[in-house]
Amino acid sequence: MLRRTLLTSAVAVPVLAACVTPTTGAAVDPMAPLPADNSSHAQPAVARVTHVSLDLEADFARKVMTGKCKLRIASAPDAREIVLDNDNLVIRSIKANGRDLQYTVGERRPTLGAPLTVQLDGADEIEIDYESSPGASALQFLEPAQTASNKKFLFSQGQAILNRSWIPTQDSPGIRQTYDARIVGPADLKVVMSAEMLTPNGETAGEGKRAFRFRMPQRIPPYLIAIAIGDLVHHAVTDRTGVWCEPSVRERAAYECADMGNMMRVAEALYGEYRWGRYDVLILPPSFPYGGMENPRLTFLTPTFLAGDRSLVSLIAHELAHSWSGNLVTNAVWGDSWLNEGFTSYIEDRIGEELFGIEETRMAEVLSWAALQQTLQTAQPAQTVLHQDPAPGADGPPSTIVYDKGAWMLRTIERIIGRNQIDTYLRGYFDRHAFGPMTSEWFLADFRQHAVRGDAALEAQLMLDQWVYQPGLPSNAQAPVASGFTEVDQAVQAFAGGGAPAAAWANWNTAQRQRYLQTLPRELSRARLDALQAALHLNETGNSEVLFDWLALAVRNRYQPAVPALETFLTSQGRGKFVRPLYTALMGQGDWGQPIARRIYARARAGYHPIVQAGVDRIVTPA
Ligand code: BES
Ligand code: ZN
């Protein structure tokens, strides 16, 4: 339908900036062309949701969100119906102006859900009375024992296609929507959302209940609608940044987040005005399945971020960077998610370089390069292409491709055209396409128009099409070097040759420790692992990234003394990036590892988020 053909120079890039109000993008043509998104049932050429208005109550007893959702709709002149996404929602009625509308729910497909087709009957606003199902994939209702404050907690995770399990809207990243919400919850808890909070202290809403109201006037892709409800306090870092958390983690959170003001300043100096008003982060309970999630105005963070030494603050740099790459200019389809994550990983390093210096950044780049090389050696070539045409609901390529290969394309462009040029280009790119969708093809056309400008020699040097459409790495990619790893690599050599564990360990930063653990010989005897544990106290490390690398090495070598630490790690947090590979490693260790995996998972499963449960269910199979 609207899918554009793969032609290079003649591609018309939809430039939205001309008709956009600078900060909200509210005036854009709501029917601008979009590529086909096979992860959504929406038919955006016929009718599109432009605004979502939620009036919901969080029912902790039944673990559902229940209430009403009003949708404002823009449609083509001859449109009769709108198709929404819906995953196991219980629909009670759909009305327009008080009159019932006809609707049908089609066949449900796993993860994709079912199309909800509503006969519009001329309406441009409809009201859906509904509730989510108890197993909604976007929602996790936590028991008091799973939180720091020993109170109930709820949070949502929308990316990529989970929000359809609690919001009946068009769940496609190209279909931008503004939203507002009124959310009722238990009176002793606070509601926060990825939006401006209109009622800081809430309003009474009946016996034992409180209501909070929100509004998001910027048009956002619907996966960025997010909610959390819990015993939450706010700690201001600067006048426009701060951290939300449960009261007992306030001190640690405040310490870890102290750099947020500087980060904002650096990011804005690079890529222009931050367009979302406030920037807060929210520290979630340990079952949060990701390191971070860039919900606008309110980044969601894993509590494993609280390392105690600010060593993982690049997580905030990453999520903040999404305020430009991802939230402002958004992949129109998930097969182009490198436009969100690859750009963001590049920007994360640019922010990091300003804040912590070039040497730290080089080390991060070397780790990223090594992970990328490993994927390139093991993955199917088709899985190493940046632009993907994913099957609906499929996992997509490994994150090293989306994040690291994607970032490497921009670093290569930077090296070839120069830092000033790429900065100028990216600033213009974010302005031209603010609050709009992006595809690989549109990006390449835009880059050629504004940066290559017909320079044939430069075009040849950049190898742009190869980067985006071919497997592997183009020949113009250059391995990074970090002088801070020289002594680490020497220490690895020494240990591999029978010497002692690294004497300098105590002075090393997180990247150096990761480098050490990632490059030690993969096969180590019990005695050698004992030596590492005795000298470096690895089972006791509080840094989740370092602990993960150690536990992976330990499992690989069936190192029994690490099992208690492994069990604690797997039962005290539920971040998919850590949890999935460790269970996979255990299951790969036959009679030794499989019983351990099954025993730990039996204890841990209930605490994991539904999407992590689904992943680990496939890994830890019954005996
Ligand atoms: N947007 C992602 C998280 C995500 C990716 C959620 C895909 C759902 C599907 C977020 O910005 C992210 O990349 N988080 C990383 C941390 C980052 C520092 C690499 C994570 O969670 O590990
Ligand atoms: Zn990201």
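These legends describe close-up views of a predicted model. Residues are numbered from 1 along each chain as its sequence is written, and chains are lettered from A and ligands numbered from 1 in the order written. In this predicted model local features need pLDDT of at least 70, side-chain atom pairs count only at pLDDT 80 or more, and totals for chains, interfaces and linings use all residues; side-chain values use heavy atoms, without hydrogens or water.

**View 1. Domains of the protein chain.** Domain 1 covers 44-133 + 162-216, domain 2 covers 329-469 and domain 3 covers 483-619. The bounds come from an automatic or database domain assignment. The centres of domain 2 and domain 3, over C-alpha atoms, are 30 Å apart.

**View 2. Interface of domain 2 and domain 3.** Here 5 residues of domain 2 contact 9 residues of domain 3 (heavy atoms within 4.5 Å). The buried area is about 640 Å², 61% of it from carbon and sulfur atoms (accessible area, 1.4 Å probe, that two parts lose on being put together, summed over both). E359, M363 and L367 lose the most area on the domain 2 side, together 72% of what that side buries.

**View 3. Zinc ion (ligand 2).** The protein donors are H318 (NE2), H322 (NE2) and E341 (OE), 1.9 to 2.1 Å from the ion (N, O and S atoms within 2.8 Å of the metal, or 3.2 Å for Na, K and Ca; water is not among the atoms, so sites may look incomplete). Their spacing along the chain is H-x3-H-x18-E. H318 lies in helix α3 (residues 314-321) and E341 in helix α4 (residues 338-356), 23 residues apart (helices are DSSP runs of H or I, at least four residues, numbered from the N terminus).

Methods: Helix = DSSP H or I, 4+ residues; strand = E, 2+ residues; numbered from the N terminus.
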